Amino acid sequence: MPSAYLFDLDGTLYTDAGPVPGAVEVLEGLKHARIPFRYVTNTSRRPRAAIVERLRGYGFPASAEHVMTAVLAAAELVRHRGHRVVAPFVAPQTLPDLGEFELAGGTSGTAPRAGAPDAIILGDLGDGWTYPLLQQAFRAVMGGADVIALSRDRYWLRGDGLALDAGPFVAAIEYATGTAARVAGKPSRDFFEAAIRSLGLGAGASVADIAVVGDDVWSDVKGAQGCGLLGWLVRTGKFRADVLTSSGVTPDRILDSVATIS
């Protein structure tokens, strides 16, 4: 039994149809057993407050300190790198999680600055991506802006099927500019280390006893294993057997769903 868990959200604990059957009971069981857990997500469509509200609405035990998002990880990274002016290419509803910075251009609702911003943050805009937005991001990077990506996730499962995630758009900007993005969310080591610190396990804890549970073979499983964590893959959400076979990744466990975690 792992000493702690980091759970992905969409496709792992819930989908657009609601909670994965049995998932709420598993998380309640961990809470009562005093086994630490955190919710870790690359979503850039909801602020942390809305994620907590959704989790509670489904019946999951959740508070702000339980949730680590890619947007919050990006804010930590921007702060650490000393940037002040940021062009956000993220869903407008997540902008409050970047409120400590001067936001200009992108989806901020304000005009781009005359010069390049200190950094751009690239997330999942879905149908909100337009050529003018991509062009604006391209010019900012060519002007010297740092590139921070919320994820390289290739696709995700929404109500009408698989949909492109942030990764393809990040790759487009990288290809056009010749500039590599710094990834703030999963599978970056910075993200997982921040989530581990938030667990408060103490100095003697081993990361090898912490399990990351998710439906993405690269961001969840491979990312976890690259940080010395356990990577558990669930057969819900966007899981595809052929993708797993071709990935070359061997999960530490494969679960029918999070309900079979014990």
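**Getting to know the sheet and its neighbours**

Visitor: Which residue in S14 is the bridge partner of Gly214?

Guide: This is a predicted model, where local features need pLDDT of at least 70, side-chain atom pairs count only at pLDDT 80 or more, and totals for chains, interfaces and linings use all residues. Residues are numbered from 1 along each chain as its sequence is written, and side-chain values use heavy atoms, leaving out hydrogens and water. S13 and S14 pair in the parallel sense over 4 bridges (pairing needs at least two DSSP bridges; strands are DSSP E runs of at least two residues and helices H or I runs of at least four, numbered from the N terminus). In S14, the partner of Gly214 is Leu233.

Visitor: What angle does H7 make with S14?

Guide: H7 packs on the sheet and touches S13 and S14. Angles run from 0 to 180 degrees between N-to-C directions, with axes fitted to C-alpha atoms, for helices over the stretch in contact. For H7 and S14 the value is about 160°.

Visitor: Which strands stand at the edges of the sheet?

Guide: The open sheet has 6 strands in the order S5-S4-S1-S13-S14-S15, with parallel pairing. Each edge strand has a single partner, so one of its sides is left without a neighbour in the sheet. The edges are S5 and S15.

Visitor: Is Ser44 buried or exposed?

Guide: Ser44 lies in the loop between S4 and H2. Beyond four places in sequence, its contacts (heavy atoms within 4.5 Å) include Val71, Gly123 and Leu150. Buried means under 20% relative accessible area and exposed over 50%, with partly exposed in between (1.4 Å probe, protein chains only). At 2% relative accessibility, Ser44 is therefore buried.
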